[in-house]
Every structure is written in structure tokens, then in C-alpha cells.
Amino acid sequence: AVADVDAPPLFNDRFINKCVEKKDGIFEMEGLFQLYQWQLWQTKEKCNPGLPVNLHERCYEIFISEEPRISKFQNGVVDQLTYLS
């Protein structure tokens, strides 16, 4: 997703099935965050069908359950943009 390149051999039905198999207690919160972001990317790229609805909803609930945390990198970008303006 970072390179914005679709990878059908990696993110295919087998990947989705493995996610479904592992969803019950195996994924930690960070993994569910990442799955939700992957799902957003899949939607944007109109790629694979993505996660099943129940897993997608679980990931979404986890994703919105906490306040966003701003990284040092994001703060640095803001500082540079403020400096330039």
C-alpha cells in the first residue's frame, strides 16, 4: 500500500481467508488498525473484494475507538510547512 502497487499474488482470497480464520482473539489492536487501513486502500484501488462485512466492522470499530496520535514525522512536516508560509 505504501508504494501504491496492487499485489494480487499476496493480497488475494487466501489472504482474506487467513484473516477471517485468525480474527477471533489472534489479532491485536494494531493488526486490526492495519487491516482497516488495508481495506480502505483496497476500496480506493477497487481491488479485491476486501474483508467480510463482520471483520470489516470489527476493524472499523477498533480504528475509531482511540484518538489519533500525531507522529514526530507529522509534527516535523507541520513545522516545515509553517516555516515556509
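Biologist: What do the buried residues of α2 pack against?

Modeller: The buried residues of α2 pack against α1 (13-22) and α3 (53-64), a contact being heavy atoms within 4.5 Å. This is a predicted model, in which local features need pLDDT of at least 70, side-chain atom pairs count only at pLDDT 80 or more, and totals for chains, interfaces and linings use all residues. Residues are numbered from 1 along each chain as its sequence is written, and side-chain values use heavy atoms, without hydrogens and water.

Biologist: Which residues of α2 are called buried, and why?

Modeller: They are G31, L32, F33, L35, Y36, W38, Q39, W41 and Q42. Each is called buried because its relative accessible area is under 20% with a 1.4 Å probe, protein chains only (exposed is over 50%, partly exposed in between). Over the protein chain, buried residues make up 20% of the 85 residues.

Biologist: How do you know what span to expect of α2?

Modeller: The expected span is 1.5 Å times one less than the number of residues. With 17 residues, α2 is expected to span 24 Å, and its first and last C-alpha lie 25 Å apart, so the two values are close. Just after α2, K46 has a positive phi of about 55°.

Note on methods. Helices (H or I, at least four residues) and strands (E, at least two) are DSSP runs, numbered from the N terminus.
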